[in-house]
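Open the model in your viewer and keep the sequence panel beside it. The tour moves from selection to selection.

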Amino acid sequence: MSSASPAERPRARFELDDRGFDEVPRKYRKYYRRWMGEGDALAPNEVLCPVCKVVIRSSRELREGDRVYCMACMTRMRVVRAEDGLLIARVEY
Ligand SMILES: [Zn+2]
């Protein structure tokens with residue numbers, strides 16, 4: 001086991017593909033996908049918008065404190081760690 005904290009580890013990078021999310025302009029489509037509900041799982045570069053249940057995708061691994069923007073509902077959020085350890089998005093006012 002390394003003693004390095006996750007914050008010191010370089011972030012993993014992700015290749016994004018177009019998942020056909022047509023609620024935003026074409027050039028932004030790869031940054032979003034629909035949440036498939038029960039059985040769906042979030043990748044380390046994905047976070048669920050709590051407002052409209054759209055998955056926001058990043059080209060790099062997401063970490064606590066990151067700011068994300070949901071273009072589908074125009075909400076700004078910050079990535080936080082939930083009690084169960086999962087990364088979730090919290091709306092910023
Ligand atoms: Zn949203």
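In this predicted model, a residue counts as buried under 20% relative accessible area, as exposed over 50%, and as partly exposed in between. Select C73 to begin: its relative accessible area is 23%, so C73 is partly exposed.

Now show the zinc ion with its ligands. The SG atoms of C49, C52, C70 and C73 coordinate the zinc ion at 2.2 to 2.3 Å. The angles subtended by the four donor atoms run from 104 to 113 degrees, which makes the arrangement tetrahedral. Along the chain, the donors are spaced as C-x2-C-x17-C-x2-C. C52 sits in the loop between β2 (46-48) and β3, and C73 in the loop between β4 and β5; these two are 21 residues apart. C52, at 28% relative accessible area, is partly exposed.

Next, select D17, R19, R33, D40, E46 and R57, which a network of salt bridges links. D17 meets R19 at 3.2 Å, N to O, and R57 at 3.0 Å between the closest N and O atoms. R57 is in strand β3 and D17 in the segment before β1 (32-34), so their pairing ties together parts 40 residues apart in sequence. R57 is buried at 6% relative accessibility, whereas D17, at 37%, is partly exposed.

Finish at the largest nonpolar core, which has 13 residues; Y32, V47, I56, V68 and M77 touch the most other members. β3 (54-57), β4 (67-70) and β5 (75-81) each give two or more residues to this core. Centre on Y32: beyond its neighbours within four places in sequence, its contacts include R19, F21, I56, R57 and C70.

Note on methods
Residues are numbered from 1 along each chain as its sequence is written. This is a predicted model: local features need pLDDT of at least 70, side-chain atom pairs count only at pLDDT 80 or more; totals for chains, interfaces and linings use all residues. Side-chain values use heavy atoms; hydrogens and water are left out. A nonpolar core is a set of buried Ala, Val, Leu, Ile, Met, Phe, Trp, Tyr and Cys residues joined through side-chain atoms within 4.5 Å. Buried means under 20% relative accessible area, exposed over 50%, partly exposed in between (1.4 Å probe, protein chains only). Helices (H or I, at least four residues) and strands (E, at least two) are DSSP runs, numbered from the N terminus. Contact means heavy atoms within 4.5 Å. Donors are N, O and S atoms within 2.8 Å of the metal (3.2 Å for Na, K and Ca); water is not among the atoms, so sites may look incomplete. Four donors count as tetrahedral if all angles lie between 85 and 135 degrees; four count as square planar and six as octahedral if opposite donors are over 155 degrees apart and all others between 65 and 115; anything else is irregular. A salt bridge is a side-chain nitrogen of Lys or Arg within 4 Å of a carboxyl oxygen of Asp or Glu.
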